[in-house]
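This briefing is meant for someone meeting the structure for the first time. Please look over the sequence and the model shown below, and then read the points that follow, which are grouped by topic.

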Amino acid sequence: MMRKTKEEVKETRKRILDAAFELFASKKGFLHLTLYDIASAGGVTRGAIYWHFKDKRGLLMALWEDLNKSPPTPPGDTVWSQIESLEDLKLEMLRLLDHSSMSDRFALLWKFAIHRSEFPEEMEPILEKCRNDRREVLKHLTDVFTRMKELGRVRAGLDPVHAAMSTMAFVSGLIEIWLLDGTTFSITNDAPCLVDNLLWGMKR
């Protein structure tokens, strides 16, 4: 048997992830999805799935992590050290909102992250990964506000921790509202004004 090339291995992995995503997005959902379902939809064997992923949990984790490698510009590309003003922060917030509205995978997996009912107890490691991701974002945002306060670019009495929590809650809330009903507001037309309203109270 000929050894598969790196390109063929990469393509097989992509087919598995694509098939899993399509099934996650269908009425079958995550809870009742089997590796046999994924193998059939992807045109691969279950052995191929086990070669790439330890189990269904590992497959979902791979989908989550691949968000940082796929367009449009993903959240993982944020260079926190370069955010030195409220305008810089606004651009990053809008970029994340744009990503949530343009990436089907991001939207679906965000729903998994915020709606615990999709996760049986065995999925607790994935929830913990989501919690750790948010803790990391909160830390980065706190550092950002601390830096802006030292530079005199936000009001003197601003608490960096509270500002970071408000910003994260604001963006998370907008994403959840939009995912629940995309007709509520337009991310393209309304989000800039909404972000301005939040950041106005932080200005110097």
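A crossing of two helices counts as right-handed if the near helix is turned clockwise from the far one by less than a right angle, and as left-handed if it is turned anticlockwise. In this predicted model, α1 passes α2 in a right-handed crossing.

**The chain as a whole**

- The protein chain has nine helices and zero strands, and from the N terminus on its elements therefore read α-α-α-α-α-α-α-α-α under the DSSP assignment.
- Of the 204 residues in the protein chain, 39% count as buried.
- When contacts between residues at least 6 apart in sequence are considered, 66% of them join residues that are at least 24 apart.

- The axes of α1 and helix α2, which covers residues 35-42, come within 8 Å and cross at roughly 115°.
- On the α1 side of this contact stand R15, I16, A19, A20 and L23, and they meet D37, I38, A41 and G42 in α2.
- Sorted by class, the contact of α1 with α2 comprises six nonpolar residues, one polar residue and two charged residues.
- Helix α1, residues 6-25, also packs against helix α4, residues 56-66, at an angle of about 100°, and the two axes are 10 Å apart; because of that angle, α1 is roughly perpendicular to α4.
- In this second pairing, R13, I16, L17, A20, F21 and F24 of α1 meet L59, L60, A62, L63 and D66 of α4.
- The contact of α1 with α4 has nine nonpolar and two charged residues by class, and no polar ones.

**Helices α8 and α9**

- α8 and α9 pack at an angle of about 160°, with 11 Å between their axes, and because of this angle α8 is roughly antiparallel to α9.
- The crossing in which α8 passes α9 is right-handed.
- T167, F170 and L174 of α8 make the contact, together with L194, V195 and L198 of α9.
- By class, five residues in the contact of α8 with α9 are nonpolar and one is polar, while no charged residue takes part.

**The nonpolar cores**

- In soluble globular proteins, nonpolar side chains tend to be buried together.
- The largest nonpolar core holds 27 residues, of which L89, M93, L97, F145, L199 and M202 touch the most other members.
- Two or more residues of this core come from each of α5 (86-102), α7 (124-150), α8 (160-180) and α9 (191-200), and α8 gives the most, with eight residues.
- M93 touches T167, F170, V171, V195, L198 and L199, if residues up to four places away in sequence are not counted.
- A second, separate core consists of 19 residues, including A20, F21, I49 and L59.

- Leaving aside neighbours within four places in sequence, R15 is in contact with G42, G43 and V44; R15 and I38 are 23 residues apart in sequence, and their C-alpha atoms are 9.5 Å apart in space.
- F53 lies in the loop between α3 (46-52) and α4, and F53 counts as buried because its relative accessibility of 6% falls under the 20% cut-off.
- Beyond its neighbours within four places in sequence, F53 is in contact with R13, I16, L17, G58, L59 and A62.
- F53 and R13 are 40 residues apart along the chain, and 9.0 Å separates their C-alpha atoms.
- S166 belongs to helix α8 and is partly exposed, with a relative accessible area of 36%.
- The C-alpha atoms of S166 and L138 are separated by 9.8 Å, although these residues are 28 apart along the chain.

Terms used:
Residues are numbered from 1 along each chain as its sequence is written. This is a predicted model: local features need pLDDT of at least 70, side-chain atom pairs count only at pLDDT 80 or more; totals for chains, interfaces and linings use all residues. Side-chain values use heavy atoms; hydrogens and water are left out. A nonpolar core is a set of buried Ala, Val, Leu, Ile, Met, Phe, Trp, Tyr and Cys residues joined through side-chain atoms within 4.5 Å. Buried means under 20% relative accessible area, exposed over 50%, partly exposed in between (1.4 Å probe, protein chains only). Helices (H or I, at least four residues) and strands (E, at least two) are DSSP runs, numbered from the N terminus. Contact means heavy atoms within 4.5 Å. Axes are lines fitted to C-alpha atoms, for helices over the stretch in contact, and angles run from 0 to 180 degrees between N-to-C directions. Angles under 35 degrees count as roughly parallel, over 145 as roughly antiparallel, 65 to 115 as roughly perpendicular and the rest as oblique. Ala, Val, Leu, Ile, Met, Phe, Trp, Tyr, Cys and Pro count as nonpolar, Asp, Glu, Lys and Arg as charged, and the others, Gly among them, as polar.
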